[in-house]
Amino acid sequence: MYGGGYIFDEPNRRQLKDEQQHDDPEKLLEFEARITSGAKIEPGDWMPVEYRRQLTRLIEQHAHSEVMGALPEGTWITRAPGFKRKLALIAKVQDEVGHGQLLYNAAETLGKRRETMINDLLSGKSKYSNVFNYPAETWADVTVIGFLIDAAAIVNQVANAKGSYGPYCRALERICYEESFHLKQGHDAFIELATGTKMQRDMVQDALNRWWQPIMHFFGPPDKNSVHSEKLMQWKVKMASNDDMRNQFLDAYVPKIWELGMTLPDANLQKNSEGRWGYSDPDWDLFFKVINGDGPCNSERIKVRKWAEESGRWVRQALMNSANAKVLPVA
Amino acid sequence: MQTNPLQQAITYLLTKMADDALILGHRNSEWTGLGPIMEEDIAFSSMAQDKIGHALGLYSILHETYHAPDPDQYAFLREEKDYLCCHLVELPIGEYDFSLMRHFLFDHADALRYEFMEKSSLEALRPLSKKLKGEIKYHTLHANAWLTQLCSAGDESYARMQSALDYCFPLALGMFERREEMEDRLMDEKIYPGEEQLKEAWLERIYPILVKSSLNLPDPVNTSPINGGRHGYHTQHLQPLLNEMSAVFRLDPTAKW
Amino acid sequence: MENNSLDPRVNRLHLSDAASLVIVNDGENWNVYEVFHQEKRGAHHEHVGCVHAPSPQLALVFAKEQFGRRKKCVNIWVVRSVDILAFEVEDEDMFANNLDKTYRDASGFKVMEKINKYKAQQREEK
């Protein structure tokens with residue numbers, strides 16, 4: 001479900017230079033011309049080293065976010081109220097795993113095996129979306145996640161689906177289709193509470209208050225602080241600026257929250273005359289603290305992931321054979 | 001809610017089937033996001049959803065035709081003693097060998113129950129069993145594939161599956177626990193062939209797959225079944241799960257969720 | 001047993017330390033199979049993605065749920081990724097002139113033009 005605008009690392013400038021010097025200038029021109037013309041890049045194509053590196057990183061972190069995203073909502077699987085909500089929630093969490101599967105496959109076409117990516121997730125070398133390091137404390141949290149985090153993810157993913165790498169675009173096409181179900185079921189569950197009893201409204205207001213900052217963090221630091229490479233934009237790896245995506249999200253969803261008489265915990269949240277949304281700057285130090293492992297749930301999430309890998313090991317190892325060596329997906 | 005003895009017996013039959021599906025569906029859904037590999041995680045989750053869907057289908061028949069409360073109320077807000085699920089489905093997920101073996105043993109019995117229901121003299125049961133046929137076929141196909149492959153994949157996985165079978169078998173026999181006063185009525189009316197016949201058919205169904213997997217079936221005659229569920233006596237694991245299942249509902253049972 | 005998690009499922013697991021080293025070995029995610037689905041009888045099987053599986057049989061079992069749990073689907077094929085033979089991407093130029101070869105295409109034959117020309121001629125001659 002979830003990308004996030006902040007996940008591009010700033011490459012070591014000298015290293016980038018060295019790498020780019022190794023790129024054949026003629027091939028680079030041809031590659032860039034192809035992207036400018038709107039054509040997609042496919043797995044066997046020549047590509048700049050830095051393109052491959054950043055794209056692998058992007059898709060892999062997106063995949064990790066799906067897999068980790070299954071955990072906070074999974075918290076409520078046994079407790080989801082009633083058949084309709086229960087089936088929708090399990091199907092949704094299942095989809096997250098399914099999206100992870102599609103995205104790992106897309107990343108594998110760039111040469112990094114799924115096992116290696118999983119190991120980088122477990123060791124903390126590779127990151128995932130920060131929102132999943134927060135707890136889903138009540139049922140109302142599940143509705144806020146399903147509605148607003150999925151909505152934010154859609155903004156991000158619809159943008160990425162227009163990117164240049166074929167396998168990632170194909171995965172995103174299917175993912176966006178399924179996300180529309182996630183958003184709808186989340187919105188429906190959210191509305192049920194927001195139009196329900198006083199207790200239900202209080203629950204959902206409380207969840208909104210707690211989730212608002214992580215949601216504002218979702219698209220990453222403001223553009224003025226992130227020197228995201230123009231190259232990544234030119235190569236259609238990064239498709240929209242963090243602030244633009246955040247604005248697009250606020251524009252579409254803040255009215256949907258307000259229309260139900262719910263409030264958001266930011267007195268400065270309002271649309272200006274030019275159609276841009278103003279808001280208080282969320283705590284970006286906290287954002288980086290959570291990314292670096294110090295959020296309320298980072299440790300539990302990793303522990304649970306490790307449990308899953310560890311407890312499934314005998315199954316995987318029993319059916320391993322030498323024919324499994326070094327195979328990657330075709331497309 | 002039941003009026004005449006026959007309706008009581010039908011309610012009993014559908015409730016025990018639905019409760020089995022509901023509880024096992026919940027248990028199996030606990031693997032969602034935690035499975036041994038992503039592809040299997042997805043497959044196992046689908047089957048858990050199917051089970052919960054089957055329970056809903058059965059509760060809906062009870063509600064629409066036999067005056068039971070609406071499915072959400074009936075499924076999630078009864079007292080523990082009013083649940084009729086067998087002990088096999090109540091146990092926590094344990095390790096994957098246990099969960100797979102439970103799935104194998106349960107789903108073959110389930111497939112047979114629905115096959116019999118398709119031929120039942122009771123009209124109300126037939127459309128559902130027909131509708132679920134394809135889903136259940138996938139469940140047993142999935143279970144058979146895993147069982148045969150893990151059993152021929154080396155000593156450790158073979159030993160795990162054999163001990164899972166030894167552990168599950170008496171619990172699985174508990175699926176066929178009888179309540180004679182109910183069963184006799186159903187058998188008289190040709191609504192249901194009875195647990196004894198079902199058990200024989202089940203043994204016949206699973207035996208060739210166990211042979212193919214080189215697993216040793218414990219002796220069914222000399223194994224004491226672990227019974228109680230069909231009479232409302234349950235393991236210590238059921239009540240905590242029921243508490244979870246109804247936790248949100250009970251915050252305000254009159255509210256819509 | 002108690003992990004102080006909000007997730008009752010997680011509280012039932014025996015978790016080890018977050019710092020413990022867990023490594024998935026190369027090959028533990030098995031082989032890769034390409035998946036093709038058929039939307040309806042009579043349609044072509046189309047490529048939709050891939051699954052990791054230890055055997056063709058389980059690949060099919062997995063593909064059914066990962067690629068056939070929504071929308072219409074009547075059949076699925078799986079084939080090992082290594083068994084797919086494809087052209088190199090730079091050989092795309094072999095196909096480059098396809099659209100120029102109008103003699104292979106109905107649009108390359110202007111039948112009506114000729115008929116109309118003939119008919120016009122006939123009218124003039126009358």
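Colleague: What makes up the contact between chain C and chain B?
Modeller: In this predicted model, chain C puts in 16 residues and chain B puts in 14 residues. A pair counts as a contact if the C-beta atoms, placed from the backbone, lie within 7 Å.

Colleague: Which elements of chain C give two or more residues to the side that touches chain B?
Modeller: They are α1 (8–11), β2 (45–53) and α2 (56–68) of chain C. The largest share comes from α2(C), with 7 residues.

Colleague: How many residues on that side are nonpolar, polar and charged?
Modeller: You get 6 nonpolar, 5 polar and 5 charged residues on the side of chain C that touches chain B.

Colleague: How do you know that β1 and β3 of chain C pair?
Modeller: Pairing takes at least two bridges between the strands. Strand β1 (residues 31–38) of chain C is joined to β3(C) by 6 bridges, so the two count as paired, and they run antiparallel. One of the residues involved is Gln38(C), whose bridge partner in β3(C) is Asn75(C).

Colleague: Why do β2 and β3 of chain C stand at the edges?
Modeller: The open sheet has 3 strands in the order β2-β1-β3 (chain C), paired antiparallel. Each of β2 and β3 (75–80) has a single partner strand, so one side of each has no neighbour in the sheet. Neighbouring strands here are turned by 30° against each other on average, direction ignored.

Colleague: What confidence does the predictor give?
Modeller: For the complex, an ipTM of 0.96 and a pTM of 0.94. For chain C, the mean pLDDT is 93, and 98% of the residues reach 70 or more.

Notes: Residues numbered from 1 in each chain as written. Chains lettered and ligands numbered in written order. Predicted model: local features only at pLDDT ≥ 70, side-chain atom pairs only at ≥ 80, totals over all residues. pLDDT = per-residue confidence, 0-100. Contact = placed C-beta atoms within 7 Å. Helix = DSSP H or I, 4+ residues; strand = E, 2+ residues; numbered from the N terminus. Nonpolar A, V, L, I, M, F, W, Y, C, P; charged D, E, K, R; others polar. Axes fitted to C-alpha atoms, helices over the stretch in contact; angles between N-to-C directions.
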